[in-house]
Amino acid sequence: MWELADLLISLVFYGTAYGMILYLLAVGLSVTLGLMRVVNLAHGVFAMAGGYVTVTAMSRFGWPFLAAVLAGVVVVGLLGVALERTLYRRLYSAPILEQVLFSIGLIFIAIAAARYFFGPLAQPIDLPAWLSTRLDIGIGVFPAYRVFLIGVGGMVALAIGMAIDGTRFGASIRAAVDNRRMAESVGINVSRVFTLSFALGTALAALGGSLGADLLPIYPGYPNDYLVYLLIVVAVAGLGNIRGALYVALAFGITDTTIRYFLPDVGRVLILLLVMAVLFRHPHGFAPKTQA
Amino acid sequence: MGTMLVRLLVLSALVSAACGTAPADTKTIKVGIILTYSGPDASIGEAIDRGAELYRTLHPNDLPAGVELQLVKRDETGPTPDVAKRLARELIVREGVQLLTGGQWTPNVSAIAPLATEAGIPYVVMSSGTASTTRLSPFIVRVAFTTWQHSYHLGKWTASNGMTRASTIVSDYAAGVDAEEAFVRGFTEAGGTIVSAIRAPLRTADYVPFLERIRRDKPQALFNFNPGGPEATRVIKAYGDLGLAEAGVRLVGPNAVVPDDELKNMGDAAIGVISASHYSAAGDRPANRTFVAEWKKAYGPDSLPNYFAVGGWDGMAAIFAAIRAQGGIIDPLRTRDFLTHWSNPDSPRGPMRIDPETRDVIQNIYIRRVEKVDGELRNVEFETIPSVKDPWKELHPEGTGGGR
């Protein structure tokens, strides 16, 4: 009996950690794709860029892990501002197909650039000692790094929830997306709001890429390899459902982990079938129906 | 005066162009090399190419006087047999190459093999570890390794060294299934018992659920095979996170589980992992010390040759030897016969030779352990199984339904 409880705790813990890293990677996409309606398939590029900045800051300049993560978030956030001003801005009114083509092209460019500058191998990341131990968290002994991921993911979710729902900036984003002209006429600087929320999306991607670099190693194929998982989280949560992204990511992580434990050979297929079934029943995901 | 000078210059340029840039008796031997130079698997192609190029750069005077080797490179972009076949045809028909080499992927080699047979062009395979590859064409000579050389002998070694209960987890594709079969065969022959066997999909992001299951099965050894690269790092991370080493589960596998150049990404979780390989960058042989030193000089102090790179190096060594032995005028059949009897007592990997019967490589297999030496992780060889023939071919003689 104890054995079974121990197994379930362990599956839920590892599933939650896996889900959290997916959440951190996907929540930024939920902002750009979900709120701003830009089909930015190149979201993983920003996660990878954040990861590269972090590992470079650590290995080349000897920065501590957390400072290096912060550097990744800031640098990529600024990169997001620059790209929004120069490129993405033109796409807001473009048809979806053009947005898809543009962002896929960006993925290819990023993969080639990453290979050119950093080589084809995964980047080493030296976690600080306090993250590479194992922690007793009362319900079992688990790797400190994954406990940390769960903690940070939870805090980010809380902060984003409060920012979108409870601040003036959050209200401006929602207003600007729902009715751009009305938002402008009540004095919201829509262009600035869009730049900032795009930067927020890319910075969140960088946070996910940097923090998760030990679990999902940073290498040139990164933006392609995890894209499916990010899209699953955003699609099942429903466009614009930022809080839902957390629940969906966690549910996906825990379900995927459990299925793979019990049915290792068919787990991959099963989880995708499950996602398909959910999307058949709820083609628009679990987004609240209040939106246009 | 000025125009006169210009005219003279133009004239002399025309004359030298007409005479050709080299002495009239220069003979060019064209070798076609098909590898994956772009896409997600370019790192392997790059390693092979670098190994081959390094051999060429370091042996400028090893070809007969007046003979020049021209490498015609083509990018097959990945495991795409149709592309590889088209490129091989183009190399043979349009470029008129006298030798083919490369051979990164088994499916691509399978597509090229019939062309080599048809055109009667020797094909030196530098990678592709599937055991049956050399049976695809009588013109294939392999200088690489076979999955069975590694995993079958690792299975025997594991069971004979006190680990008699093992689980296996392999990536679910042809090479992984091949490796699983090889390990299980060697392991059970030496008296071991398999506790559980898992086939994980390629590009599994988190290996924890699989390894959690294995932790509960409590084997003494866990055999893994994956295609290397980030996949290898993800396996090691999960192995470390779950504390499997402390729980008494030793990770074992062929070289792809702990590639020399990936070790530094893996961190201390890799320490103690046992693997079988024909090559380690840490191999303590004079030829290998020179090889690694020259590699670092050419490609940067942080880079390391891996087991793919040594395939490129030895493939080029074999091609050079074949050209030299025939004085620069090469004939396909004589080249093939020379290559099937080729041996290199002093490769970076140790002594190696080609088995004339199977045209496959015979070489030492080293059992290695990941250790921290001078602050960096290395695959330290601690046991040598000398002159290993491909076990699969010995267990499946030709004509007994063993060909696949």
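User: Is Gly45(B) buried or exposed?

Analyst: In this predicted model, Gly45(B) belongs to helix 2 of chain B, residues 42-58. Gly45(B) has 28 C-beta neighbours inside 10 Å. A residue needs 20 or more such neighbours to count as buried, so Gly45(B) is classed as buried.

User: Leaving aside neighbours within four places in sequence, which residues is Gly45(B) in contact with?

Analyst: Gly45(B) and Gly103(B) are 58 residues apart in sequence, and their C-alpha atoms are 9.3 Å apart in space. Contact is judged on C-beta atoms, with a limit of 7 Å. Once neighbours within four places are set aside, the contacts of Gly45(B) are Leu35(B), Thr36(B), Tyr37(B) and Gln104(B).

User: Which elements of chain A give two or more residues to the side that touches chain B?

Analyst: The contact between the chains involves 26 residues of chain A and 27 residues of chain B. Two or more residues on the chain A side come from each of these elements: helix 1 (2-35) and helix 11 (242-262).

User: Which element gives the largest share of the largest nonpolar core?

Analyst: The largest nonpolar core has 145 residues, and Tyr23(A), Ala26(A), Val233(A) and Ala245(A) have the most contacts inside it. The largest share of this core is 17 residues, and these come from helix 1 of chain A.

User: Which residues does Ala26(A) contact beyond four places in sequence?

Analyst: Ala26(A) is one of the residues with the most contacts inside the largest core. Leaving aside its neighbours within four places, the contacts of Ala26(A) are Leu230(A), Val233(A), Val234(A), Ala245(A) and Ala249(A).

User: How many residues of helix 10 of chain A are buried?

Analyst: Helix 10 of chain A spans residues 227-237 and is mostly covered. Its buried residues include Leu230(A), Val233(A) and Val234(A). Just after this helix, Gly238(A) takes a positive phi of about 95°. Of the 11 residues in helix 10 of chain A, the number buried is 8.

User: How is helix 10 of chain A oriented to helix 11 of chain A?

Analyst: The two helices pack with their axes 8 Å apart, at an angle of about 125°. This angle makes helix 10 of chain A oblique to helix 11 of chain A. The crossing is right-handed, and the orientation is oblique.

User: How many nonpolar residues are in the contact between helix 10 and helix 11 of chain A?

Analyst: From helix 10 of chain A come Ile232(A), Val233(A), Val234(A), Val236(A) and Ala237(A), which meet Gly244(A), Ala245(A), Val248(A), Ala249(A) and Phe252(A) of helix 11. The contact has no charged residues and 1 polar residue, and its nonpolar residues number 9.

User: Why are helix 2 and helix 3 of chain A classed as oblique to each other?

Analyst: Helix 2 (residues 43-61) and helix 3 (residues 65-86) of chain A have axes that come within 8 Å and cross at roughly 140°. Angles over 145 degrees count as roughly antiparallel and 65 to 115 as roughly perpendicular. The crossing angle of roughly 140° therefore makes these helices oblique.

User: How many nonpolar residues are in the contact of helix 2 with helix 3 of chain A?

Analyst: Among the residues that meet there are Phe46(A) and Val53(A) in helix 2 of chain A, and Phe65(A) and Leu79(A) in helix 3 of chain A. The contact has 5 polar and no charged residues, and its nonpolar residues number 13.

Definitions and conventions:
Residues are numbered from 1 along each chain as its sequence is written. Chains are lettered from A and ligands numbered from 1 in the order in which they are written. This is a predicted model: local features need pLDDT of at least 70, side-chain atom pairs count only at pLDDT 80 or more; totals for chains, interfaces and linings use all residues. A residue is buried if 20 or more other C-beta atoms lie within 10 Å of its own, exposed if 12 or fewer, and partly exposed in between; C-beta atoms are placed from the backbone. Helices (H or I, at least four residues) and strands (E, at least two) are DSSP runs, numbered from the N terminus. Two residues are in contact if their C-beta atoms, placed from the backbone, lie within 7 Å. A nonpolar core is a set of buried Ala, Val, Leu, Ile, Met, Phe, Trp, Tyr and Cys residues joined through C-beta atoms within 7 Å. Axes are lines fitted to C-alpha atoms, for helices over the stretch in contact, and angles run from 0 to 180 degrees between N-to-C directions. Angles under 35 degrees count as roughly parallel, over 145 as roughly antiparallel, 65 to 115 as roughly perpendicular and the rest as oblique. Ala, Val, Leu, Ile, Met, Phe, Trp, Tyr, Cys and Pro count as nonpolar, Asp, Glu, Lys and Arg as charged, and the others, Gly among them, as polar. A crossing is left-handed if the near helix is turned anticlockwise from the far one by less than a right angle, and right-handed if clockwise.
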